[in-house]
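I opened the notebook to look up how the chains of this model meet. I wanted to go through the contacts one pair of chains at a time.

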Number of protein chains: 4
Amino acid sequence: MDFAIKSLGERTVKINEALLDKIEDNYIVSDSRRVLYNTFIDENGLSEESLATNFELAGPRDRLYFDPSKIKSAIVTCGGLCPGLNNVIRSIVMQSWHKYGSRSILGIKYGYNGLNPTKGYYPIELTPEIVRDIHLEGGTILGSSRGGTEDLSIQVNTLQKLGVSILYCIGGDGTLHGAHEISQIAEKIGYKLAVIGVPKTIDNDISYIQRSFGFETAFSTAVASIYAAHIEADGAPNGIGLVKLMGRHSGFIAANAALAMNTVNFLLVPEVRFDLYGPNGFLKHVEDRLQRRGHAVICVAEGAGQELIEKESGQQKKFDASGNAALDDIGLFLKSKITGYFKEKNAEINLKYIDPSYIIRSAPACSNDSIFCTMLGQYAVHAGMAGKTDCVIGQWNNIFIHVPIEMTISKRKTIDSRSPFWRSVLETTGQPASMVNE
Amino acid sequence: MDFAIKSLGERTVKINEALLDKIEDNYIVSDSRRVLYNTFIDENGLSEESLATNFELAGPRDRLYFDPSKIKSAIVTCGGLCPGLNNVIRSIVMQSWHKYGSRSILGIKYGYNGLNPTKGYYPIELTPEIVRDIHLEGGTILGSSRGGTEDLSIQVNTLQKLGVSILYCIGGDGTLHGAHEISQIAEKIGYKLAVIGVPKTIDNDISYIQRSFGFETAFSTAVASIYAAHIEADGAPNGIGLVKLMGRHSGFIAANAALAMNTVNFLLVPEVRFDLYGPNGFLKHVEDRLQRRGHAVICVAEGAGQELIEKESGQQKKFDASGNAALDDIGLFLKSKITGYFKEKNAEINLKYIDPSYIIRSAPACSNDSIFCTMLGQYAVHAGMAGKTDCVIGQWNNIFIHVPIEMTISKRKTIDSRSPFWRSVLETTGQPASMVNE
Amino acid sequence: MDFAIKSLGERTVKINEALLDKIEDNYIVSDSRRVLYNTFIDENGLSEESLATNFELAGPRDRLYFDPSKIKSAIVTCGGLCPGLNNVIRSIVMQSWHKYGSRSILGIKYGYNGLNPTKGYYPIELTPEIVRDIHLEGGTILGSSRGGTEDLSIQVNTLQKLGVSILYCIGGDGTLHGAHEISQIAEKIGYKLAVIGVPKTIDNDISYIQRSFGFETAFSTAVASIYAAHIEADGAPNGIGLVKLMGRHSGFIAANAALAMNTVNFLLVPEVRFDLYGPNGFLKHVEDRLQRRGHAVICVAEGAGQELIEKESGQQKKFDASGNAALDDIGLFLKSKITGYFKEKNAEINLKYIDPSYIIRSAPACSNDSIFCTMLGQYAVHAGMAGKTDCVIGQWNNIFIHVPIEMTISKRKTIDSRSPFWRSVLETTGQPASMVNE
Amino acid sequence: MDFAIKSLGERTVKINEALLDKIEDNYIVSDSRRVLYNTFIDENGLSEESLATNFELAGPRDRLYFDPSKIKSAIVTCGGLCPGLNNVIRSIVMQSWHKYGSRSILGIKYGYNGLNPTKGYYPIELTPEIVRDIHLEGGTILGSSRGGTEDLSIQVNTLQKLGVSILYCIGGDGTLHGAHEISQIAEKIGYKLAVIGVPKTIDNDISYIQRSFGFETAFSTAVASIYAAHIEADGAPNGIGLVKLMGRHSGFIAANAALAMNTVNFLLVPEVRFDLYGPNGFLKHVEDRLQRRGHAVICVAEGAGQELIEKESGQQKKFDASGNAALDDIGLFLKSKITGYFKEKNAEINLKYIDPSYIIRSAPACSNDSIFCTMLGQYAVHAGMAGKTDCVIGQWNNIFIHVPIEMTISKRKTIDSRSPFWRSVLETTGQPASMVNE
């Protein structure tokens, strides 16, 4: 793993000249100040490798690469909506304008497509007046879209024509792939473009990113569905509340919502395999729970149990245009399996199925996410003005850091079923550690 | 229409003796004080018929039929969940206990089934301690269920054995039918049972009931889905947000949610027919809106457009066990029709479908509903203690009244498309007054 | 009482020509369609006087006085903030623009002061784009201020110079006084100005106005303070939670918040006198409650018990610049009296005092208020375009009506301690019907 | 600093025998697995001292000190209310009961006073049934109180008589002092009592505790006050919104609320001195802001500017019974100073003062705090059963750890004005780095 951050070149602009408002010297961060990746230690101390593996701190440098008053920046938001997008946009604009005295910030419409002239979208000028209240609402004022990454030299060309020096890319896995490619193309053609990513993943599944913005809002909003499922389950004879939540590859939203509401009895995530049938299968355990307690609440992440559906249907996995596996609906699948299981036993159950879908991702950022987004935006501008490039703003041990884009997209972050986090889930739900028949 | 309220017999217990806490004389309500049904007047004045059509006021009478300290009451909640159930339960218990000095209040489990001994449910004793905080949560602590009305003489028999003098039935259309039947059976066998209904209809579709509890909470909760739909629609090129809300026969929830959020462009309800295709069809209007504004928000009540689905599928209407028409999913139907329409035209759209389902009905009562439920419970106890029977507590011109159960179940309340209310909907959404091709 | 509504003159513009979107004929309202003020009836039927006392219905007329495409309107918001102001503004703009095709709507800044050129404020042009999202936030985008009513001929002069034909005045008692005066001055000088009031009183204390916008939001928001007071009282030995809420002359906010949360044991309002000391005094009853239950929650409206403070302090009532009586702080007064009372008895209590103040009035409108505001705005435009003047939009028996401004400001609406509403309060709190020593 | 955790003795009970539900081996944590205190590194690597400074990990050990089925635990909540108290109680009960099979858990009433027999409070038995829903509400079902720490041998005596083996102390600075003393007394008399603290500080000001439960809920709730202040300030000519928030010694709540809402222009905290008057004083900066922007929002932590009040009043600091400095009200002080300053200049301002007080601390835990509380409770039980004592459950680098009580009470955690956190505050508010005249 290479933790080194790319730079556009020598930083020659003194920050105090550049800034409209003076930042005290003691706030300046040096490139050599770093934070350890691994902070665990045992009787053997810390290995050489652990010591060598560390992240560069984010924050203002004493010299800038760009003269803020002379350059143009651009912000683009890509992919699905996520709480906090507007907060990050607002923060980048406010920080660029008020702290760095930069007066030209473009908002690119509808993701990377907005940099493709054939699409017919035009960038808008972002000012403090325009972004003043946008953080109070969900969504993104720039609009977003998927794709547009087929031939990114088009986008680089547009950026160069627009005279953009810093590009802030707010998006997920695909977006960061694109951002990495944009920075490579720019480098190849000698175009001095700082590409700063702000990782957006409502599922919290980007590697080396301790926490992603919008994630807390998402699972906090999802809690209402679990509350409803519990009320419904509790209010009917043999009531079963079944909730499907977001989480294609990682069950973090489902797990955190379950931990927050404390009423989930079965949590099913993509990372932990389970059987439907058999003496240790999921359905038997639901049945046991009904007999013991008269009701049950089940929360399932959308990516869970996909292999069960495939096996059942005998179908091959489908892929959508962007190459993502098209998920079969595990919620409806489980609903049908549970209903069938008890019908066969002539047992009356009352199953209520809840799928909050987009309600969760369009919510305005909760307070904690709002703070986080504000800081992400501030650090992104510090990084861009310093001429950092091909990196994202992350957080590790609660410290803001720079992470090379390549690292963040190298693999996906998932729930480790051997971690204390999953142990807490098991302790909270009371579900069996394994629902697989040997 | 017969507005007369049945009575169990002469009221001989003086209220001041019965009540632990004295109620001032000026709070006593006379049977002859009534409120007009029709309050409109024009140049011709008020017709004789209008004058003769009026409701009995609810409230404490100067004499009671029962001696509160000696009788037993029972509360039953039936049908689907609705915000405020716990509030009504709590209010009946508190009023009976603290105001009337009644110490025996039974909670029947799981609806009318809880009065059928073969089901194996047992009533619980309700006390102020038990109900103290239940109004803070959704659902019903008694549990609820549908049905149990096949042979209500079983239930009457159980009530008689339990020694119940007042039965509070909280439920909808079917429940009130049942309550009416229970009161008739009791009358026939000379069992002095006061049956007091508290109408529960989250859809607000019970006749002669100006407003039903939980309805405001329901549409207020639904607003979050419309907010999400708007944010999604606004954030994507040609974004369409499609929300399905409750409302089998009446579109009140959908209409009020749309009026509250002000961002719905098309509201579809069961009461107003629309065409899908053609120059004045719904799809053409959606297309026009997209061309004009780049996004559209659609809100549809679950009972809307059923005839379109039938026509399309050539299927006959299905009915479920309780004789309710099984609705085809208009939300998924529209989603498919809209997608197909634009696919055929090779137009890119981004449709996001939201169905909040049970989230809406399991929410705790909002403040205004909480007040309403508290009062409904108080008036229900006043009515029961006075020996009123076969009636519900309603509200007309903001006055609490007694309505014969038979009247409330005689027909359903629906949106009148010629009313000022629907005019306000049209003014707010800006949708065409008619989407039917001549 | 004169229920007749003033008119600027003959209505000659056909509505279907004026409207961009056709309104169906069946939505047209005639001046002769009216709604009864008194809807109660007893054995004697309805008196002649009752029949003669009725309100004119609001709504679109078949002919307009103004040609909407040619006139200019203006909106002004005055006095203290109230939830829903932005909703009303938005609705007036949307209705004028989209339904009546009117393209010139001015927003007056900071109340009537904004019409006084010496203040240096300038009106802003309001368009659908500008008001699109304002209903999601509290406050008023126009700003508000008190006063500016010293010499209203200045304001009339400004309006005339600006060429304003309809003035929408959103405000309370003082504002409506002003609006009435403005309409009189205009009439005197032959200036055809329609003055339409939208009554704003967070306290819900305007006469002939069944319900005022923002009131429900206010008491719903206040519920959080009562919740907190209860949690605090319940969590400490001899805990007392004391909440002060808005309500200078009318205790509606306090009463409704108390009814909604159900945990208030003592509700004190301006309309109901109480003694502090003596065997039937408030403090003795608090002491009794503590002995019985170990904690107590008290909710007091700011205008309650003023005569107690005066008596105690021997001071004469003070008046502020606008002639309003300067209230002494009943919350802090009670806090001190309660603390002193138990200190004298060497009894440990834990009193927590909560005053949510402006949190309540700056909240965004709740869903129900949002609907109400939308409708108020729509009806205000219907009235203005029809040339109605010197009237407000009100609601009676849930019907939107026109009320002459003079009537609404003739006296204040207060809680009637002999009403069913107050009976419900007593039933809910369990407090004594009287805390006055004979 | 001594990071070593005290232990009651050898752990001899195998966990798998003790637990009703098997915990997988891989979840077992060893005493030797530790986490670094300092995770920063620069060109010189990590110092020996840094390597040696590390925390013991919390979590289940492979052997227990107590046999869970045979012992009795007790939970006590002390001091002021804080969001999440009920969540922690619930989690301890659920974990003890369901995971460790412990059936005797006492709830001590009203803090340490509940262990003093002369007070007349009696412990209650806590079961899963009782605590099932308590996490949905604020406060503590056990009640809380200050003090009771005069002679803790009384409390130890009570605990011994009750046969308590594990005491969970949930409380702040004073409570932890008491817990430490209790563990010392027990040790001295050879009473094998595990004392496990769960640090409670709504102000987030306990050392070595990265994050304290309830803190996020507190500042998130406080955001509503800042929202209100902004709406009020924005809605009036020269509007000033002034909010006072909790924070006696540390301004974390105020700072986080300000960062979350982004509309605060001046944040005043105890850690950063400011002058009122002079060319670089606070009042001058407020004046400048009003001239530039027409309104200003100020947020002040209750402990800020105390020396200004003292200087002004010439009074000596007062102390309350428990030795805490009695704070003078900085909110009212500033209100008066600001008003006076502008009055002298004959400048009209509109100042609205908001003090949400107890609303903030009685709120139910937000989702993220709820998760945190659940985990704290789970780890506390792991620690207690393993015979750890005189320690608290903390979190460092997002890892749950054991911290000796003595360390946590050795000094207070405050905002470092030279930290990136404060830099973010300055960047967000735009206030001067210093408001002190040289």
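**Strand pairing and chain contacts**

I looked up Val35(A) and found that its bridge partner in E4(D) is Phe40(D). Strand E3 (residues 34-36) of chain A and E4(D) pair in the antiparallel sense over two bridges; strands here are DSSP runs of at least two E residues, helices are runs of at least four H or I residues, both numbered from the N terminus, and two strands pair if DSSP finds at least two bridges between them.

I noted that the model is predicted, with local features needing pLDDT of at least 70 and side-chain atom pairs counted only at pLDDT 80 or more, while totals for chains, interfaces and linings use all residues. Residues are numbered from 1 along each chain as its sequence is written, and chains are lettered from A and ligands numbered from 1 in the order in which they are written.

I then turned to chains B and C, where the contact takes 48 residues from chain C and 48 residues from chain B. The largest share of the chain C side, seven residues, comes from H12(C). Strand E3 (residues 34-36) of chain B pairs with E4(C) in the antiparallel sense over two bridges, and Arg34(B) stands opposite Ile41(C) in E4(C).

Terms used:
Contact = placed C-beta atoms within 7 Å.
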